[in-house]
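Here is a quick walk through the cross-links and charged pairs of one protein model. Have the structure open while you read.

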Amino acid sequence: INAEYMGIDGMKGLLLLLVLIGPSLQQFPIYNAPFTASKSVSKGGSKGGTPSPSPTPSPSPLPPVPVPVPVPVPVPSPVTPSQPTIPSPSQKQKMEVPIDCELSEWGAWKACDRTCGGGKRTRERGVIGEAEFGGAPCDPIMSQELPCNTQACPVSCVFGDWTQPSPCSVTCGLGTQRRTRTVVSGGATCGPTEETLACNSVACPIPCVVSSWGPWSACSLTCGGGITKRSRTVVQIAQNGAPACPALEETTTCNTISCAVDCELSEWASWTKCDKTCAGGRTYRERAVMTEASDGGAPCAETKQSKSCNDNILCKVDCVMGTWSSWGECDKTCGGGSSTRTRTIVTDAANGGIACGGTLDSRSCNTQPCPVDCEMSEWAAWQACSKSCGGGVRERTREIITASANGGISCDTTKVSAACNTQPCAIDCVVSDWSNWSACDATCNGGISRRTRTVRTPPQFGGIACPDLAQTQSCNTNPCPIDCVVGSWTEWSFCDKTCGGGSQSHTRPVIVAAQNGGAECITKESRLCNELSCPIDCVMSAWTTWSECDASCGGGQRTRTRTITVEPAFTGAPCLATSESEKCNTLPCAVDCEVTEWASWTPCNEKCGGGKSYRTRGVAVEPQNGGEPCPETVKSVLCNTQPCPVDCVMSDWTLWSSCDKTCGGGLQTRTRTVTVASANGGAGCASTQESKPCNVSPCPVDCVFSAWTEWSECDKTCGGGSRSRSRTISVESAFGGIPCPATSETGDCNVNPCTLR
């Protein structure tokens, strides 16, 4: 029966068949000899094999020699490549390959325990290696018995007790010991007085034997500190309680010089908003240094860029004037002259900017009078009466040819009068002088300014009626500033990316456009969206070709593999199996005592950084009856010595910085640092800086106004007059800025009392 071909289940059936037909086999002489076993047969196999039967007894006067019943013991199945024998306990635990129980050969039959009258003799075997990781368990039958010396004992022979056995000849591996007894009484038919017993049948410890160290492997890195390894293999596995094998691998550092690191930059950030709303503006963008260059690596390229913007929009240009020149010399030394000063136009107003002011200014000078003596003419003839009625006056005059002034000789009277035409007459209306124009009633788009006068003498006796007492004129005709008026925001647009960080925007329409310097419109806003990382599906290479079959016959396996080129991430599709196997060479082999072909190398136990791959071969037929021992069944090689990918590790974001502007649209930023730089193809680092807008409300605009003009001439020379001065507004206040003050003011002047002459 080919036990390998039948397998364990087939052997179970064969045992059951023998139990059922056993009684019918007793008619054959070979099965009639008495035989007992210390325990019933179980399914476990042994390297000792089935007990060899003694020769069939031939007819003789002596009783037939008992022959043990040949109990079928299942031959252990060949160890398959999926069940390698592991060389050391640490490797067994790591690989967890099933290991079958291994038993020693049967020992020699011990001497019969009686010389006559029916005795028994035994033989034993021991456990060399216990079953591990689900391997076939040990056969519980560790001893066998046979009847012996069944002839009747001479009645006349009486023995003494056996002495204590002598010390065992060996401490393990099945030795012998002797004991003796004396004949108390009896003749020549007494049995032996000395016998040899088996002892210490426990298998001796077998120490571990390892090979010499192999050469050091190539360094895992060319710089920056790599690892080199060397290994050795197990030539003989430690057995029967011998000390475990020493370490099979050792490592040391190599190539510790620093690696050149090239500068690594992030992607460019978006262009900033143009810093001007018309021609001449600039927009900027930046990118961050993710990894600084070091140890001779490529230096960083530029990290900031700028470009012009809004070049197609003409800016308003306000008039820019030069400073006033110094005042010129007075054209008179006394008696009131004038002095002038000038300024030039540096930049003319354009595109609706503020217009230029005057380029010439004058002021009074040397107003002190010159000393003049009075010089008078002769009296003239009497004039006509001043009135034709109501009491008139007639006068005669003389002229002051030269009036006295500044301490000169004063003039005498220049006129004398006398009453005339004293009869009553018509009285005409008399009105006062016009008042000053009132302030304009509107600051822009055209207002009205007014002035009035009063009736000092009403008309009487048919005199001339009074004229108009009020007048108006237009003022402040410049157009008013119009602030932008916008409609409601639209809904946010769809995000331009489904993952990985996109943007979306919304707009609002302009209902009233800004004019004449009014607040500008803001019609578009944008924001980030769908910032979660995109799913990455697993990507695998094509299958390799099938490996060589691990057995030339009797049913082997061959395998093929594929590798993971892109690991799944962010809930992407997972990877499928990276290896598969199929049966091969299923034709039955000749049953020779030999080992199977080597199995395929196992997958490397490390993906990178240096691991080990094993291959095994199983024992197809265990060596029996002194056959040649089996060669080694496990080999290992170094594998996957390439350095492991190191993914970038980044710190947490810092807090947002303070806004760089308090109004008008600023930016605030936050940063993070690279705590572990990516290497060997690991995941790269993301941006180390990001920014967001802040304080987008318009800035307050304070009022800007010119300096005061010079004071005007006093409207009186004495007795208390008034004078005025003014200033102009060049920039109106807006958005809560400091408001404009008054643009004109008046002050007292010439308050000295007038002298009456």
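What follows covers the disulfides, then the salt bridges, then charges over rings, and ends with one serine.

First, the ground rules. The model is predicted, so to speak of a local feature pLDDT has to be at least 70, and side-chain atom pairs count only at pLDDT 80 or more, while totals for chains, interfaces and linings use all residues. Residue numbers start from 1 along each chain as its sequence is written, and side-chain values use heavy atoms, with hydrogens and water left out.

**Disulfides**

How many disulfides does the structure hold? There are 30 disulfides, where a disulfide is a pair of cysteine sulfur atoms within 2.5 Å. The table lists some of them.

| Pair | S to S distance | Source |
|---|---|---|
| Cys 223 and Cys 259 | 1.8 Å | computed |
| Cys 429 and Cys 466 | 1.6 Å | computed |
| Cys 648 and Cys 685 | 1.9 Å | computed |

Take the link of Cys 223 and Cys 259, which is right-handed with 115° about the S-S bond. This pair links distant parts of the chain, 36 residues apart: Cys 223 is in the loop between strand 10 (209-210) and strand 11 (226-231), and Cys 259 is in the loop between strand 13 (249-254) and strand 14 (264-265). Strands here are DSSP runs of E with at least two residues, numbered from the N terminus. Is Cys 223 buried or exposed? Cys 223 has a relative accessible area of 18%, so it counts as buried. For reference, buried means under 20% relative accessible area, exposed means over 50%, and partly exposed is in between (1.4 Å probe, protein chains only). Cys 259, at 24% relative accessibility, is partly exposed.

Next come Cys 429 and Cys 466, whose disulfide is right-handed because the torsion about the S-S bond is about 95°. Cys 429 sits in the loop between strand 25 (415-420) and strand 26 (430-431), and Cys 466 in the loop between strand 28 (455-457) and strand 29 (470-475), so the pair ties together parts that are 37 residues apart in sequence. Cys 429 is buried at 14% relative accessible area, and Cys 466 is partly exposed at 29%.

The disulfide between Cys 648 and Cys 685 is right-handed as well, with 100° about the S-S bond. It links distant parts of the chain, 37 residues apart, with Cys 648 in the loop between strand 39 (634-639) and strand 40 (649-650) and Cys 685 in the loop between strand 42 (674-676) and strand 43 (689-694). Here both Cys 648 and Cys 685 are buried.

**Salt bridges**

The count comes to 14 salt bridges, each being a side-chain nitrogen of Lys or Arg within 4 Å of a carboxyl oxygen of Asp or Glu.

One of them joins the side chains of Arg 230 and Glu 250, at 2.4 Å from N to O. Arg 230 belongs to strand 11 and Glu 250 to strand 13, so the bridge ties together parts that are 20 residues apart in sequence. Glu 250 is partly exposed, with 27% relative accessible area.

Arg 341 pairs with Asp 361, and their closest N and O atoms are 3.2 Å apart. Again the pair links distant parts of the chain: Arg 341 is in strand 19 (residues 337-342) and Asp 361 in strand 21 (residues 360-365), 20 residues apart. Arg 341 is buried at 18% relative accessibility, whereas Asp 361 is partly exposed at 23%.

In the bridge of Lys 415 with Glu 395, the closest N and O atoms are 3.2 Å apart. Lys 415 lies in strand 25 and Glu 395 in strand 23 (residues 392-397), so this pair ties together parts that are 20 residues apart in sequence. Lys 415 is partly exposed, at 43% relative accessible area.

**Rings and charges**

Which ring does the charged end of Lys 307 sit over? It sits over the ring of Trp 271, 4.3 Å from the centre. Likewise, the charged end of Arg 394 sits over the ring of Trp 382, 5.1 Å from its centre. The rule asks for NZ of Lys or CZ of Arg within 6 Å of the ring centre and within 35 degrees of the ring normal.

**One serine**

Finally, look at Ser 600, in the loop between strand 37 (579-584) and strand 38 (611-616). Its side chain makes a polar contact of 3.5 Å with the side chain of Thr 559. A polar contact is a pair of N or O atoms within 3.5 Å; within protein, one must be able to donate a hydrogen and the other to accept it, and residues adjacent in sequence count only if both atoms are side-chain atoms. Leaving out residues up to four places away in sequence, Ser 600 touches Ser 547, Glu 548, Asp 550, Thr 559, Tyr 614 and Arg 615, with contact meaning heavy atoms within 4.5 Å.

Definitions and conventions. Helix = DSSP H or I, 4+ residues; strand = E, 2+ residues; numbered from the N terminus.
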